[in-house]
Number of protein chains: 2
Amino acid sequence: MAARGRECSIADALEVVGERWSLLALREVLLGERRFNQIAENTGASRDILAARLRKLVDAGVLEKRQYEDHPPRFEYLPTESAKALQPVLLGLMQWGDRFIRQGPPPTVYEHDCGEELRVNSVCAHCGEPIASRGLHAVRLGAVR
Amino acid sequence: MAARGRECSIADALEVVGERWSLLALREVLLGERRFNQIAENTGASRDILAARLRKLVDAGVLEKRQYEDHPPRFEYLPTESAKALQPVLLGLMQWGDRFIRQGPPPTVYEHDCGEELRVNSVCAHCGEPIASRGLHAVRLGAVR
DNA sequence: CCCATTGGGTTTGATAACACAACTCACTCG
DNA sequence: CGAGTGAGTTGTGTTATCAAACCCAATGGG
């Protein structure tokens with residue numbers, strides 16, 4: 001698709017999860033939904049598009065499609081390591097939506113195993129300091145094609 | 001648009017930044033690009049779509065459009081607090097792309113003010129532990145409309 | 001003066017993505 | 001036998017996206 005523009009892993013990531021419904025389908029799988037009909041209902045995606053998106057996510061290794069019944073054939077979608085690694089991004093997006101887009105209280109609340117309501121903090125893996133826009137700068141950039 | 005599906009801030013967030021080019025335009029603004037032509041070239045977006053996306057981001061309060069010259073009128077796009085708050089999400093997406101989608105070395109590298117190459121860690125704001133998929137569970141969910 | 005260039009878009013016409021409902025297939029259950 | 005479930009696919013429109021061309025105001029060079 002987009003063969004132009006800056007070479008960038010954000011762009012690459014969006015090739016896989018950047019289409020409408022992809023991230024919402026992923027949200028449902030990470031919430032524990034595994035079946036096509038449930039994912040369709042909970043996201044609101046139309047069935048044909050959802051089928052295409054799930055196929056793409058499976059092809060990209062984000063989901064695993066597993067047959068859990070032979071007669072009749074029935075399938076479920078499971079999160080891979082790749083999907084689980086994306087969960088903090090989803091949570092970050094959710095928190096951003098809670099704060100800057102939504103009006104009213106957050107519709108979805110998570111609890112961390114420490115017992116408290118979850119709020120995600122993004123910190124530098126080296127020094128542990130929270131990441132702020134002005135505390136970082138790009139030292140190498142992808143070339144613009 | 002999507003009036004159906006689970007009530008969810010991820011879905012709300014995607015209404016604003018979920019379309020193709022929105023996040024890439026935001027990436028450029030956060031990298032310091034401010035002018036329409038530069039953003040168009042660096043993302044690869046076509047000019048009409050980019051104009052629509054930028055308008056939407058401005059309307060949603062993610063970017064600020066400022067006139068920096070009167071004759072002829074010239075504009076620049078600046079990141080608001082909302083945009084800056086989204087940067088950790090962008091970085092998370094970039095890191096995920098680096099690790100699970102890309103082959104080869106990361107095209108873009110950031111440095112944190114602590115002097116080290118930036119890697120983002122998502123931790124629980126309360127206990128400071130890294131967030132793993134199995135260390136959390138939803139305690140309240142948005143209703144499915 | 002005349003022409004090209006820059007900046008910031010809008011218009012146009014073709015192509016691709018999407019939405020919605022209906023349909024299929026392979027069963028199971030009452 | 002008929003209804004229901006699960007997991008899609010097919011058919012038919014509508015909408016969005018794309019690339020290229022165009023517009024306008026000003027500025028710079030010959």
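The questions below ask how the descriptions of this predicted model are reached.

Local features here need pLDDT of at least 70, side-chain atom pairs count only at pLDDT 80 or more, and totals for chains, interfaces and linings use all residues. Residues are numbered from 1 along each chain as its sequence is written, while chains are lettered from A in the order in which they are written.

Q: What makes residues of chain B count as being in contact with chain A, and how many are there?
A: Two residues are in contact if their C-beta atoms, placed from the backbone, lie within 7 Å, and by that rule 74 residues of chain B are in contact with 74 residues of chain A. The largest share of this side of chain B, 17 residues, is given by α5(B).

Q: Why are β5 of chain A and β3(B) called paired?
A: Strands (DSSP runs of E, at least two residues, numbered from the N terminus) pair if DSSP finds at least two bridges between them. Strand β5 (residues 136–140) of chain A and β3(B) have four bridges in the antiparallel sense, so they count as paired. On β3(B), B:E111 is the bridge partner of A:H137.

Q: What makes a residue of chain A count as buried, and what percentage does so?
A: A residue is buried if 20 or more other C-beta atoms, placed from the backbone, lie within 10 Å of its own; of the 145 residues of chain A, 42% count as buried.

Q: How do you know which helices chain A has?
A: Helices are DSSP runs of H or I with at least four residues, and chain A has five of them, together with five strands.

Methods
A residue is buried if 20 or more other C-beta atoms lie within 10 Å of its own, exposed if 12 or fewer, and partly exposed in between; C-beta atoms are placed from the backbone.
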